[in-house]
Amino acid sequence: MRSVLRTMSLAVAITAMMGATASVAEAAAGRANAQKAIPLTHDELYRLYSQKSWIWKAGAGYFSVRQRRFTAWSKENGRPSYGVGRWFITGPGKLCFKADWHAKDGSAPATTCFSHRRQGSLILQKREPNGEWYVFKNVPAKPDDEFAKLRRGNYVSARLNRIEAGLGKVE
């Protein structure tokens with residue numbers, strides 16, 4: 001039980017680092033009003049994430065179109081782990097991914113959701129349920145936008161396979 005709780009804490013820490021933004025983006029959010037912004041459509045979210053990897057400080061997650069599979073790896077705090085699950089769009093502007101995260105001391109499920117809204121040429125994002133709105137993408141896009149961390153292609157599988165092999169078969 002203790003190892004599962006530790007793993008769940010790890011999964012929460014991993015998903016907490018996603019969506020972290022630079023102070024420039026937070027300052028830009030000050031000129032945006034999320035309450036007046038319009039949620040992105042299902043199609044807009046699908047195009048934004050499908051077949052892309054979200055590169056994090058200590059890992060990455062991949063949004064495959066095939067069966068909407070979500071895979072990820074992390075080495076947060078030097079501890080390797082990987083997640084396998086699905087990504088889905090739950091409503092206007094809301095994207096979620098649910099994965100079973102595996103680490104040396106066990107595995108645990110975690111679901112992470114982000115809301116997205118458009119205000120003029122800005123796309124705003126916030127982690128649900130208690131995150132703060134920030135500018136996800138400027139138009140034109142800026143190098144420090146969180147959007148810049150989304151890259152077309154699978155930057156996850158090779159590292160995930162190495163971490164899985166290194167951990168052995170985790171139940």
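The side chain of Lys-52 reaches the backbone oxygen of Leu-48 at 3.1 Å, a polar contact (a pair of N or O atoms within 3.5 Å; within protein, one must be able to donate a hydrogen and the other to accept it, and residues adjacent in sequence count only if both atoms are side-chain atoms). Lys-52 sits in strand S2, residues 52-56. Here and below, helices (H or I, at least four residues) and strands (E, at least two) are DSSP runs, numbered from the N terminus. Lys-52 is buried yet has no salt bridge, and the nearest side chain of opposite charge, that of Asp-43, is 12 Å away. Buried means under 20% relative accessible area, exposed means over 50%, and partly exposed lies in between (1.4 Å probe, protein chains only). A salt bridge is a side-chain nitrogen of Lys or Arg within 4 Å of a carboxyl oxygen of Asp or Glu; for charge, Lys and Arg count as positive and Asp and Glu as negative, while His and the chain ends are not counted. Not counting residues up to four places away in sequence, Lys-52 touches Arg-47, Gly-61, Tyr-62, Phe-63, Leu-150, Arg-151, Arg-152 and Gly-153, where contact means heavy atoms within 4.5 Å.

A word on how to read these values: this is a predicted model, in which local features need pLDDT of at least 70 and side-chain atom pairs count only at pLDDT 80 or more, while totals for chains, interfaces and linings use all residues. Residues are numbered from 1 along each chain as its sequence is written, and side-chain values use heavy atoms, with hydrogens and water left out.

Stepping back to the whole chain, there are 4 helices and 10 strands, arranged along the sequence as α-α-β-α-β-β-β-β-β-β-β-β-β-α. Of the 171 residues, 44% count as buried. Among contacts between residues at least 6 apart in sequence, 50% join residues at least 24 apart. The chain exposes about 9,000 Å², and carbon and sulfur atoms supply 52% of it; accessible areas come from the Shrake-Rupley method with a 1.4 Å probe, and for residues only the protein chains shown count as cover.

Side chains of opposite charge can pair when their charged atoms come close. Asp-43 counts as partly exposed, at 41% relative accessibility. Glu-44 forms a salt bridge with Arg-118, with the closest N and O atoms 3.1 Å apart. Glu-44 is partly exposed at 22% relative accessible area, and Arg-118 is partly exposed at 30%.

Strand S7 (residues 106-119) also holds Thr-112, which is buried with a relative accessible area of 1%. The C-alpha atoms of Thr-112 and Glu-128 are separated by 7.4 Å, although the two residues are 16 apart along the chain. A search of the whole structure finds 1 disulfide, defined as a pair of cysteine sulfur atoms within 2.5 Å. The disulfide joins Cys-96 to Cys-113, with an S to S distance of 2.0 Å. It ties strand S6 (residues 94-103) to strand S7, the two cysteines being 17 residues apart. The torsion about the S-S bond is about 110°, so the disulfide is right-handed.

Glu-128 forms a salt bridge with Lys-126, the closest N and O atoms being 4.0 Å apart, and Lys-126 is buried, with a relative accessible area of 15%. The peptide bond from Glu-128 to Pro-129 is cis, with omega near 5°, and Pro-129 belongs to the loop between S8 and S9. Glu-132 is found in the loop between strand S8 (122-128) and strand S9 (134-137) and counts as exposed at 65% relative accessibility. Leaving aside neighbours within four places in sequence, Glu-132 is in contact with Gln-125 and Lys-126. A cis peptide bond also runs from Val-139 to Pro-140, with omega near 0°.

Positive phi values in residues other than glycine complete the survey. Arg-68, in the loop between strand S3 (59-63) and strand S4 (69-74), has a phi of about 50° and is partly exposed at 23%. Asn-77 has phi near 55°, lies in the loop between S4 and strand S5 (81-91), and counts as exposed at 64% relative accessibility.
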